[in-house]
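Hi,

Here's the structure I said I'd pass on.

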Amino acid sequence: MYGYFGKRLRVNLKDRTVTVEAWDLKEGEKFIGGRGLGTKILMEEVNPQADALSPENKLIFVTGPLTGTPTPTGGRYMVVTKSPLTGTVACSNSGGYWGAELKTAGYDAIILEDKADAPVYISIEDEKVEIRDASHLWGKAVTEATKALEAENGEKAKVCLIGPAGEKLSRMAAVMNDYSRAAGRSGVGAVMGSKNLKAIVVKGSKKVALHDEANLKALVSADNKKLRENGVTGQGLPTYGTAVLVNIINENGILPTNNFQKAYFDKAEEISGETLAEKYLVKKDPCYRCPIACGRYCKVDDIEGGGPEYETVWAFGSDCGVSDLGAVIKANYWCNELGLDTISVGATIAAAMELYEKGHIKEAELEGLSLEFGNAEAVIEWTKKIGWRQGLGDKMADGSYRLAEMYGVPELSMTVKKQELPAYDPRGVQGHGLQYATSNRGGCHVRGYMISPEILASPEKLDRFALEGKALWVKIFQDLTAVIDSMGLCLFTSFALGAGDYAELYNAVTGGKYTAETILEAGDRIWNLERMFNLQAGIKPEEDTLPKRLLEEEIAEGPSKGWVHKLDELLPAYYELRGWTKEGVPSEEKLQALGLA
Amino acid sequence: MNIRVKLFATLREGRGKALEVDAQDGASAGEILRSLMIKAEDVAILLINGKDGHLDQPLFEDDLLSIFPPVGGG
Ligand code: SF4
């Protein structure tokens with residue numbers, strides 16, 4: 001078999017059994033791999049109504065056919081499970097080196113079942129797979145635990161693990177790998193914690209079999225050239241990392257500030273990518289076989305490590321009204337150490353700040369800490385309290401929706417399907433807002449990054465306020481992203497590569513027969529499969545919406561002044577293009593056409 | 001007329017972050033770029049007072065021009 005090993009590991013943590021299963025990939029091409037095949041397994045094996053933190057839920061680590069191959073950025077893995085944050089399907093992917101290592105150990109996926117009776121970790125060295133005691137690692141932060149695991153398993157071992165936040169079942173907990181890379185969103189780290197699984201350590205020595213090596217070599221060199229020559233992937237991202245977006249998003253008046261109460265931050269320059277490069281950048285920190293190298297490694301005072309990304313700078317920066325970039329780097333460091341999603345944590349602190357500002361959270365609950373917008377120390381200290389579930393941090397650890405709900409004002413949580421929205425105010429980017437509302441994992445920017453055409457002029461510039469044509473753009477972007485996530489590549493390649501390029505890479509690696517058109521259809525199939533899981537989990541189509549503030553309150557100042565999001569005018573066209581009923585349910589014909597019925 | 005210009009990312013090199021340009025009445029965004037020795041192909045996004053602008057768009061007193069090279073992220 002080319003591109004896949006055709007093998008998956010099934011680990012039952014309760015019985016402590018490991019089974020190597022032959023994976024019949026007859027359906028491989030239909031769902032590609034990664035996100036697609038992971039969701040397929042979830043659909044087949046997990047009751048969508050299961051409690052996400054119960055032993056009934058399964059945790060699936062899955063690579064794509066291009067993971068571990070010489071393709072540019074081909075190192076990603078996906079964590080698929082039912083999300084404890086949203087109740088939807090969770091599929092969080094991560095870069096670094098761990099994913100490629102898992103693949104070259106000879107496995108396409110690991111399916112983790114049930115729950116261990118005491119903390120354990122899994123050690124994989126090609127055929128040798130062991131479940132080991134992890135009681136000495138429980139409670140340890142990410143760097144310390146990673147170092148201990150490297151000492152036990154050899155320096156070449158790649159480590160993927162949870163921090164204390166995952167152990168304490170924070171619904172914002174991430175799965176971390178290679179120290180600072182994160183499968184960050186939707187609380188996948190809490191699912192790992194609920195199974196008493198601290199880490200998976202891998203050493204692999206195999207090669208992924210390639211269908212047409214000569215052709216692949218030519219394609220890789222042509223694609224690398226495209227990536228080098230593209231302004232975004234060849235210049236912008238390598239020079240400044242993702243934080244270069246701070247200024248551009250702010251200049252468009254869509255940089256959410258003070259929990260989306262404003263959309264323009266007058267101190268954006270102080271937290272910009274340009275300032276990061278000038279003051280704090282130590283070096284670049286790229287992932288496996290990545291010619292783009294957007295990853296940053298920064299230092300402030302005695303704290304250093306990977307990041308911060310744009311989303312993180314926004315979450316702890318403008319969303320909390322904070323203009324101290326050093327404090328943002330420290331909060332990011334603590335998220336990495338405690339194993340937390342920076343977007344949800346920053347946004348939850350921002351929501352708590354508004355709850356305090358409006359008098360819902362009382363002074364007595366703060367135990368002497370500040371929850372005032374703009375307080376730099378607060379973002380660092382509350383991050384730690386969330387990770388350790390201390391004081392009010394315990395209530396915050398399950399995300400802004402549950403927090404705001406406790407105070408009787410869930411509308412102050414800037415979430416979709418209970419997951420925190422990222423760093424773009426949708427009132428000034430109408431297509432992106434439609435994508436937020438319809439994302440299969442709740443508030444998310446990387447299910448279909450409409451910022452690309454609506455702001456960054458890639459592949460072409462669209463009027464960001466216009467509604468016409470946006471539903472189709474959103475659908476195509478969502479489908480293409482599902483393809484990239486399923487292949488095992490990084491989404492950032494899509495600034496320079498298109499559906500046809502991905503199809504060619506897939507075919508050269510696996511011997512498949514995709515075209516640009518049919519590969520997008522595979523993306524559509526994966527999207528619909530996720531939708532089916534969500535519907536069966538009891539997520540209502542009415543939840544395809546945005547926080548009331550974004551639908552009803554006009555942006556008060558700045559370049560997007562006067563705008564609200566016009567979801568009502570976009571959603572029917574989107575449902576229709578998807579082949580869904582007016583109620584947002586995939587029609588029988590649609591499911592049949594996609595081979596899902 | 002006075003035009004305010006904000007430059008970002010690599011366009012700042014050798015030019016600075018923010019400038020005030022004294023331009024002839026009716027000058028276009030493209031003419032301002034030329035006076036700053038910025039090549040049109042190096043500009044990916046051009047905002048005039050925070051709204052999408054064009055190179056041939058005429059400017060008015062105190063307009064704000066924000067100019068970005070190709071950048072991306074997510
Ligand atoms: S572009 Fe950035 S996130 Fe993507 S693979 Fe490269 S370094 Fe990693």
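Asp178(A) and Asn177(A) have their side chains joined by a polar contact of 2.7 Å. Bear in mind that this is a predicted model. Asp178(A) sits in the loop that links strand 10 (175-177) to strand 11 (181-183) of chain A. What does Asp178(A) touch once its neighbours within four places in sequence are set aside? The list is Gly95(A), Gly96(A), Tyr97(A), Trp98(A), Lys158(A) and Val159(A).

Next, the strands. Strand 1 (residues 7-12) of chain A is mostly covered, with 5 of its 6 residues buried. On one side of the pairing list is strand 2 (residues 17-22) of chain A, which runs antiparallel to strand 1 and is joined to it by 6 bridges. Arg8(A) stands opposite Glu21(A) of strand 2 there. These two strands make a hairpin with 4 residues between them, and Arg16(A) in the turn has a positive phi of about 55°. Strand 1 of chain A also pairs with strand 6 (residues 109-113) of chain A, this time in the parallel sense, over 5 bridges. In that pairing, Asn12(A) stands opposite Glu113(A).

Ser123(A) has Glu130(A) in strand 8 as its bridge partner. Here 2 residues lie between the strands, and Asp126(A) in the turn has a positive phi of about 50°.

Finally, a helix pair. How do helix 2 (residues 34-45) and helix 21 (residues 516-536) of chain A pack? Their axes are 10 Å apart, at an angle of about 30°. Angles under 35 degrees count as roughly parallel, so that is how helix 2 and helix 21 of chain A are classed. The crossing of helix 2 past helix 21 of chain A is left-handed. From helix 2 of chain A the contact uses Arg35(A), Gly36(A), Thr39(A), Lys40(A), Leu42(A) and Met43(A). Helix 21 of chain A contributes Ile526(A), Trp527(A), Leu529(A), Glu530(A), Met532(A), Phe533(A) and Gln536(A).

That's what I have for now.

Cheers

Definitions and conventions:
Residues numbered from 1 in each chain as written. Chains lettered and ligands numbered in written order. Predicted model: local features only at pLDDT ≥ 70, side-chain atom pairs only at ≥ 80, totals over all residues. Heavy atoms only, no water. Pairing = 2+ DSSP bridges. Buried < 20%, exposed > 50% of the residue type's maximum accessible area, 1.4 Å probe, protein only. Contact = heavy atoms within 4.5 Å. Polar contact = N/O pair within 3.5 Å; in protein donor to acceptor, adjacent residues only side chain to side chain. Axes fitted to C-alpha atoms, helices over the stretch in contact; angles between N-to-C directions. Parallel < 35°, antiparallel > 145°, perpendicular 65-115°, else oblique. Left-handed = near helix turned anticlockwise from the far one by under 90°.
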